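Have the viewer open as you read.

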Amino acid sequence: MPSHEMTYLDDVLVFLLAVVVVVPLFRALRSSPVLGYLAAGVIIGPHGLALIGEVESVETLAEFGIVFLLFTIGLELSVQRLKVLRRYVFGLGTLQVLLTGTAVALILVALDLPGPAAVIIGGGLALSSTAFVLQMLVERGELATRYGRVGFSILLLQDLAIVPLLALVPLLQADEATLAGALGSAALKASVAVVVTFLAGRYLLRPLYRQIAAARSPELFVATTLLVLLGSGFLMHLAGVSMALGAFLAGLLLSGTEYRHQVEGDISPFRGLLLGLFFASIGMSIDLALIAAQLPWVLAGLVALMLGKAILISGLCLIFGLPLALALRVGLLLSQGGEFAFVLVTKGMLFGVVDPLDGQIVLAIVALSMVATPLVSHLGGRLSAELIARRPGGAEAGSLTDEVGEMKDHVVIAGFGRVGRTVAQVLAAGNVPYLALDRDPKLVADARKDDFTVHFGDASRVEVLRSAGLAAAKAAVITLDQPAAANRVVAALREQSPGLNIFVRARDLRHAGELHQAGADAVVPETIEASLQLGGVTLQALGARPDEITGIMDDFRQNDYERLRATILKDSEDSD
């Protein structure tokens with residue numbers, strides 16, 4: 001085997017070894033894998049241990065990571081999602097990107113940076129970390145909350161904004177006299193390419209995938225997806241535009257088909273590995289000695305970026321009618337730079353638009369801002385809680401109105417003891433929005449510190465439940481431990497909201513019967529369920545098969561625990 005091929009294999013093995021060792025450490029620290037890939041690149045790169053001397057040897061392959069990432073973004077985009085969040089996506093999100101990018105660019109021009117470099121860096125720093133923020137929101141069960149939805153909407157627009165920003169980088173190589181002509185020519189070529197791609201996708205994609213799926217060949221299906229993805233990118237490349245735009249359009253066209261989920265699963269390993277390689281290649285190009293020499297500028301830029309973005313985003317949220325506590329929380333949540341800043345600035349350096357020294361400083365600022373994000377986000381939660389607590393009427397009274405806002409299709413949980421808390425965790429794990437009420441102020445305060453969406457209120461009063469957005473709710477879960485109060489609430493809810501799904505915790509079978517009569521859709525008697533679970537665990541320990549245990553449990557649950565009802569109620573009457 002030729003020596004240059006062995007060298008290439010050596011580089012691949014070094015990269016894989018670094019990733020396998022370093023990235024799991026960052027995951028264990030509950031940090032973003034992006035930072036893990038960057039750290040791995042720094043360690044093995046020419047400015048670290050120099051295990052890989054030539055960054056160019058991996059950069060070409062790494063560029064495909066961005067192509068696959070943009071394809072995935074298009075694939076996950078749906079018309080329905082945009083329709084629901086359109087006000088925040090196209091209104092708040094667009095203004096945030098434009099104003100933040102413009103503000104940063106103007107500041108950089110004032111610091112004597114060339115205009116094209118200022119535009120690229122400004123556009124990159126306007127974007128926050130989708131991977132990092134969504135990871136935190138999902139882990140904390142906050143994605144379905146109002147502030148989580150607002151943050152997600154802004155991130156969605158930022159993901160869309162990277163497409164034109166990437167296409168702009170090569171055009172900024174032109175001098176000012178020819179820039180307008182270059183932009184016009186590129187826009188015309190891109191428009192033609194977009195129209196051709198859409199027509200081909202509309203009339204060819206679905207029939208093509210139907211034939212491929214009928215062949216029942218997983219390898220052929222994957223090959224077709226790669227052909228569509230890379231072919232669309234190549235078409236855009238021929239038009240003089242970024243391949244990423246073609247990949248994004250291909251994903252967008254497939255997002256509305258029945259093959260979307262299979263396609264997403266098939267390309268996920270390619271995307272993850274190539275994207276990791278891309279961020280590792282960025283890490284390899286980071287010169288730690290140079291950054292250390294410029295440390296004052298890096299730290300000043302870090303503070304300016306996070307403080308400036310937090311203020312601007314919070315201000316825009318206020319303009320869009322969001323309360324101050326929520327606006328501050330969103331602003332601090334999105335105050336960091338993101339993975340697309342690495343993409344944009346690195347491409348700017350590659351095309352000679354961004355000076356390498358300036359680019360190194362920006363990359364360091366973005367990486368440090370991502371490291372600081374968990375702490376800053378936690379600070380946002382505490383500040384939000386303090387602002388709410390100072391309102392007339394107390395924390396919970398004010399925050400309930402704020403949290404309900406535009407919530408719909410959520411679940412109202414009445415009572416937040418051990419049962420209510422468990423229900424909330426299950427709903428959060430399924431990304432189902434919920435809003436809980438309890439009249440124990442200490443319990444509410446402790447739960448809010450753990451980032452549960454719970455508010456003070458007497459859940460046994462229907463008017464309080466109504467203030468929690470009951471009219472727009474999809475279901476109510478009643479976990480009150482006072483049988484009389486639970487009966488009263490169920491009856492009132494059924495009378496006022498005939499179509500509402502009402503699920504109730506009952507103390508025993510006798511109470512379950514009362515709740516059914518009051519109008520509950522489903523009732524779970526906790527003493528019976530605990531007994532059944534204990535019996536199931538015992539059977540499992542004695543060697544019973546899982547399917548046999550499931551069958552026995554389902555048999556006892558059938559017809560409202562009918563097999564148990566007669567015996568249990570008779571024993572209860574005898575004891576009375």
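A nonpolar core here is a set of buried Ala, Val, Leu, Ile, Met, Phe, Trp, Tyr and Cys residues joined through side-chain atoms within 4.5 Å. Keep in mind that this is a predicted model.

**Cores**

The largest nonpolar core holds 94 residues, and the members that touch the most others are Phe279, Val330 and Phe342. Helix 8, spanning residues 146–171, is the top contributor to this core with 14 residues. What does Val330 contact once its neighbours within four places in sequence are left aside? The list is Tyr147, Val150, Gly151, Ile154, Ile313 and Cys317. There's also a second, separate core of 27 residues, with Leu435, Ile478, Leu493 and Val504 among its members. As background, nonpolar side chains in soluble globular proteins tend to be buried together.

Helix 6 (residues 115–125) is mostly covered, with eight of its eleven residues buried. Those buried residues are Ala117, Ala118, Ile120, Ile121, Gly122, Gly123, Gly124 and Leu125. Move on to the loop between helix 6 and helix 7 (130–139) and you'll find Ser129. Is Ser129 buried or exposed? Its relative accessibility is 0%, so Ser129 counts as buried, the cut-off being under 20%. Beyond its neighbours within four places in sequence, Ser129 is in contact with Leu155, Gln336, Gly337, Gly338, Glu339 and Met370.

Next up is an open sheet of six strands, ordered 3-2-1-4-5-6 with parallel pairing. Strand 3 (454–456) and strand 6 (522–525) sit at the edges; each has a single partner strand, so one side of each lacks a neighbour in the sheet. On average, neighbouring strands are turned by 20 degrees against each other, direction ignored.

Over at strand 3, the partner is strand 2 (residues 434–438), paired in the parallel sense over three bridges. In that pairing, Asp438 stands opposite Phe456. Two helices pack on the sheet. Helix 22 (residues 483–496) touches strand 4 (475–478) and strand 5 (501–506), and its direction makes about 170 degrees with that of strand 4. Helix 23 (residues 509–518) touches strand 5 and strand 6, making about 160 degrees with the direction of strand 5.

Strand 5 and strand 6 run parallel and are joined by four bridges, with Val504 opposite Val523. Together with helix 23, these strands make a right-handed β-α-β unit. In general, side chains in a regular strand alternate between the two faces of the sheet. Strand 6 has Val523 and Pro525 on a covered face, and Ala522 and Val524 on an uncovered one.

**Aromatic rings**

Searching the whole structure turns up three aromatic pairs. Two of them share Tyr209:

| Pair | Geometry | Centre to centre | Angle between planes |
|---|---|---|---|
| Tyr209 and Phe221 | edge-to-face | 5.3 Å | 65 degrees |
| Tyr209 and Tyr259 | stacked | 5.6 Å | 25 degrees |

Tyr209 belongs to helix 9 (residues 176–214) and Phe221 to helix 10 (residues 218–238), so their pair ties together parts twelve residues apart in sequence. Tyr259 is in the loop between helix 11 (243–255) and helix 12 (260–285), so its pair with Tyr209 ties together parts 50 residues apart in sequence. The relative accessible area is 1% for Tyr209, which is buried, and 8% for Phe221, also buried. Tyr259 counts as buried too, at 12% relative accessibility. Ring pairs link Tyr209, Phe221 and Tyr259 into a cluster.

Key:
Residues numbered from 1 in each chain as written. Predicted model: local features only at pLDDT ≥ 70, side-chain atom pairs only at ≥ 80, totals over all residues. Heavy atoms only, no water. Buried < 20%, exposed > 50% of the residue type's maximum accessible area, 1.4 Å probe, protein only. Contact = heavy atoms within 4.5 Å. Pairing = 2+ DSSP bridges. Axes fitted to C-alpha atoms, helices over the stretch in contact; angles between N-to-C directions. Right-handed = clockwise from strand over helix to strand, strands pointing away. Phe/Tyr/Trp six-rings, centres within 6.5 Å; stacked < 30°, edge-to-face > 60°.
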